[in-house]
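Please look at the sequence and the structure before reading on.

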Amino acid sequence: MAKIVFLPHAELCPEGAEVEVLPGETVLDAALRNGIDIEHACEKVCACTTCHIIVREGFDSLNESTELEDDMLDKAWGLEPESRLGCQTRIIDEDLVIEIPKYTVNMVSESQ
């Protein structure tokens, strides 16, 4: 079973976290299932960028991004070459190291 290491994030997981994931599970679903409340304003349909993540290790092992995801990512704050949307990023069989950006494009957090 693959695992995701989430780097420390001041609000969502201050100590960082390591979670096990099932093949084919999205990064967002694995995070939510383990109490890491990454925002997802569009309810996981690739219509926003609030679940923007940066894949620090394991990027090449992931499913390919779609044209829709790439178009949405162009709107993300702090975009990097290894950026993905957590709702669209499916784990295949390799471990990942993920950074959750400090900011999203939302003016107000959905969880408040």
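The sections below take up the sheet, the core and the salt bridges of this predicted model.

## Sheet

Five strands make up an open sheet, and their order across it is S2-S1-S5-S3-S4. The pairing within this sheet is mixed. Strand S2 (17-21) and strand S4 (83-85) are the edge strands, each pairing on one side only. On average, neighbouring strands are turned by 35° against each other, direction ignored.

Strand S1 covers residues 2-6 and pairs with S2 in the antiparallel sense, over five bridges. Within these strands, Phe6 stands opposite Ala17 of S2.

## Nonpolar core

The largest nonpolar core contains 26 residues. Those with the most contacts inside this core are Ile4, Phe6, Val27, Ile38, Leu96 and Ile98. At least two core residues are supplied by each of S1, S2, helix H1 (27-33), S3, helix H2 (67-73) and strand S5 (96-99). H1 gives the largest share, four residues.

Val27 is in contact with Ile4, Phe6, Leu96 and Ile98, among others. The contacts of Val27 also include Ile53, Gly86, Thr89 and Ile91; residues up to four places away in sequence are not counted.

Val55 is placed in strand S3, which runs over residues 52-57. Is this residue, Val55, buried or exposed? With a relative accessible area of 2%, Val55 falls under the 20% limit and is therefore buried.

Leaving out residues up to four places away in sequence, Val55 touches Leu62, Glu82, Arg84, Leu96, Val97 and Ile98. Cys87 lies 32 residues from Val55 along the chain, and the C-alpha atoms of these two residues are separated by 13 Å.

The structure holds six salt bridges. One of them joins Lys44 and Asp29, with 2.7 Å between the closest N and O atoms. Lys44 sits in the loop between H1 and S3 and Asp29 in helix H1, so that the pair links distant parts of the chain, 15 residues apart. Lys44 is partly exposed at 35% relative accessibility, and Asp29 is also partly exposed, at 28%.

Another salt bridge is formed by the side chains of Arg56 and Glu80, at 2.7 Å from N to O. Arg56 belongs to strand S3 and Glu80 to the loop between H2 and S4, so this pair ties together parts that are 24 residues apart in sequence. Arg56 has a relative accessible area of 36% and is partly exposed; Glu80 is partly exposed with 28%. A network of salt bridges links Arg56, Glu80 and Glu99.

Arg84 is buried, at 3% relative accessible area, and Glu69 is buried at 1%. Arg84 is also one of the residues touched by Val55.

Technical notes. Residues numbered from 1 in each chain as written. Predicted model: local features only at pLDDT ≥ 70, side-chain atom pairs only at ≥ 80, totals over all residues. Heavy atoms only, no water. Pairing = 2+ DSSP bridges. Axes fitted to C-alpha atoms, helices over the stretch in contact; angles between N-to-C directions. Buried < 20%, exposed > 50% of the residue type's maximum accessible area, 1.4 Å probe, protein only. Contact = heavy atoms within 4.5 Å. Core = buried A, V, L, I, M, F, W, Y, C linked by side-chain atoms within 4.5 Å. Salt bridge = Lys/Arg side-chain N within 4 Å of Asp/Glu carboxyl O.
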